[in-house]
Amino acid sequence: MGYTIYDKLWNEHLIRSYDDGDSLIYIDRHFLHEVTSPQAFEGLKKKSLKPWRINANIATPDHNVPTTRDNKFSIESIEDNISKLQVVELDKNCNDFGIKQFNINSNNQGIVHVIGPELGLTLPGMSIVCGDSHTSTHGAFGCLAMGIGTSEVEHVLATQSLKVRKLKNMRINFEGSIQEGVSSKDIILYLIRTIGTAGGTGYAVEFAGSYIRNISMEARMTICNMSIEAGAKVGLVSVDDKTIEYVKKHSNLEANLINDAIKKWKNLTTDKEAMFDEEIDIDVSKINPQVSWGTSPEMVIDFNEKIPSSSIFSAEKRKSLDLAKNYMGLSDNQELSDLDFDKVFIGSCTNSRIEDLREAAEVLKGQKVSENIQEAIVVPGSGMVKEQAEKEGIHKIFIDAGFQWRAPGCSMCLGMNPDQLSPYERCASTSNRNFEGRQGNLGRTHLMSPKMAALTAINGRIVKEI
Amino acid sequence: MKDFIEGIVAPIDRDNIDTDQIIPTEYLKSIKKFGYEDYLFDGWRYKDQGRLGMKKGERKINHEFILNNSPYDESKVLLTRDNFGCGSSREHAVWALRDFGIEVVLASSFGDIFYNNCFKNGVLPLKLKKTEIEKLFSLSTDSPVSISVNIKDKVILFKDKLSIDFDLDNNLAERIIYGLDEIDITLKDSELIKKFEEHRKENNPWIFE
């Protein structure tokens, strides 16, 4: 009998099991941001408790921060007083408890799921939690990583452990080579379209196959990031040479320590004989660029397909489809390429890493954003990504094309800061959720890859051919 | 102790209701754990765009939305379909349901993180079979009905017309019934956690750098 990587990670972190089927697992790393932590800190204070292990915790403000800021910006400069209060609270709580924070002025500030790996704070084999569902991103490093609620944030702060139930094992085998113009975003959107937004509920999903082995760590992060959109709070990839190479490059650990660690990390793979509760094979060579049309990440079609006719679906499904079409201002059998776009957003914890920016810049070189696009913004995921892009001259390509080059944060993925859609505006977005109102009240989101978003910026519409 | 809940069923006939619908991001700017009742299903409940701090009385009400109409404005039970609470991990979604007065959510499936969050806040999410959900929709759609949920006996009752047994782990049932503080319970295992931690540090020192 063999073990899956999830089984191995589980056994490695299991403190105890309870009679009722729950288990207590040890938490190695806890990331915090300003939105889901204030109530947890308040709870700790009320109980007169202190964080169990201070240096397990790393905080950064990302959701509320304005992206139009410069070096002189301070928390006080946040115009929205309610947003400001939340960032002030994080600052205060981190200072009160002595928690390491990359604050709004730090060069290392950024989206928590971008900075974790690039600062070497995400290491293979770790259990990682954060009050944010996209914590699954860190699973790309062979971590047991999952999003938790605020009560659990408090529990982890107080006890360095989490009460959870073991998930079932699922493996998705992505085999083959992708077509020109297709990226990891298309692959994960295609998966969600195939298994649905509840397809992975109750499972830890391992992404495997020749495609996964061949892609970069950045691309693996994009895929694990959106496993939650397929319902799976845990998405992960077995450790290989690419994982280790990335960590070596980004970690500050001493050489002898990292060499010891590597020996352990190499074992963080699924055994050949391991059994999965569910296994799905997907041939990636047939996948086209994907674009979401509706208000759920499973409402996705090929970029050159028509909006599906509701009549071919069951009565129960039809209702949701019709509501989505109504919200998105679409009709049956309409061509995606007929839609006029108003805004373009390149960013979010899904697609704001250097590789994503390079992918978009390649398309934008020497091109101009369409006059019909009112605003095109690119928001690097972190200070480091921004710096790297500026070193490579990528920012110039964006600026010359007519994009706004912004400072790091979650930005228009969820519009808690001023980066929002106005009612009925249509947005080409590299983010992860096309829910109603997600990017702004009555805003219309179409999810796609950085390349497709860049093409949409140039053309003002989804292209018919690539 | 809360082992019996009785209340009016508010049917919302949609699947995949995500936590952004249950409470939009604007209201996540609050640093409090209470006071979210006026923002539940904000995008559907109102015809204007709200801001944190605005009260129901200041808003343009959408009278077509069920929870705005009597007696559904006092519903304790929400009836919906597949994958309720998918998406973001925001516990504010549960706080908004709780603050509005919803004590039970009936659905054929739930988002994993939302499901966990419910039990920390005394909101009972019950997974029922699709046929049972269908039956409840047909019962509650035309006129208001009040059902009872007996958590100890694990049964939903509506007069003599309906009786649905549900599965619920005893520990989860107890969390709703007694509202136990999980941190206190876990801290009883402090010694165990400490020992585990020491052992882990010895074998994986790089994690503790």
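Q: What share of the 209 residues of chain B counts as buried?
A: Keep in mind that this is a predicted model, where local features need pLDDT of at least 70, side-chain atom pairs count only at pLDDT 80 or more, and totals for chains, interfaces and linings use all residues. Residues are numbered from 1 along each chain as its sequence is written, while chains are lettered from A and ligands numbered from 1 in the order in which they are written. A residue is buried if 20 or more other C-beta atoms (placed from the backbone) lie within 10 Å of its own, exposed if 12 or fewer, and partly exposed in between. Of the 209 residues in chain B, the buried share is 44%.

Q: Is Lys154(B) buried, exposed or partly exposed?
A: You'll find Lys154(B) in the loop between β5 (146-150) and β6 (155-158) of chain B. Setting aside residues up to four places away in sequence, Lys154(B) touches Asp165(B), Phe166(B) and Leu168(B); two residues are in contact if their C-beta atoms, placed from the backbone, lie within 7 Å. Because Lys154(B) has 15 other C-beta atoms within 10 Å, this residue is partly exposed.

Q: What is the radius of gyration of chain A?
A: Chain A's C-alpha atoms fill a box of roughly 55 × 55 × 45 Å, taken along the principal axes, and 60% of its 466 residues count as buried. The radius of gyration is taken over C-alpha atoms, and the globule rule is 2.2 Å times the number of residues to the power 0.38. For 466 residues, a compact globule would come out near 23 Å, which agrees with chain A's 21 Å.

Q: Which element gives the most to the side of domain 1 of chain A that touches domain 2 of chain A?
A: An automatic or database domain assignment sets the bounds, dividing chain A into domain 1 (1-288) and domain 2 (290-459). Their contact takes 40 residues from domain 1 and 37 residues from domain 2. The elements giving two or more residues on the domain 1 side are α4 (112-118), α6 and α8 (217-225) of chain A. With 6 residues, the one that gives the most is α6(A).

Q: Which element supplies the largest share of the side of chain A that touches chain B?
A: Here 61 residues of chain A are in contact with 49 residues of chain B. Among the elements of chain A that each supply at least two residues to this side are α3 (81-97), α5 (150-159) and α11 (315-328). The largest share, 6 residues, comes from α5(A).

Notes: Helix = DSSP H or I, 4+ residues; strand = E, 2+ residues; numbered from the N terminus.
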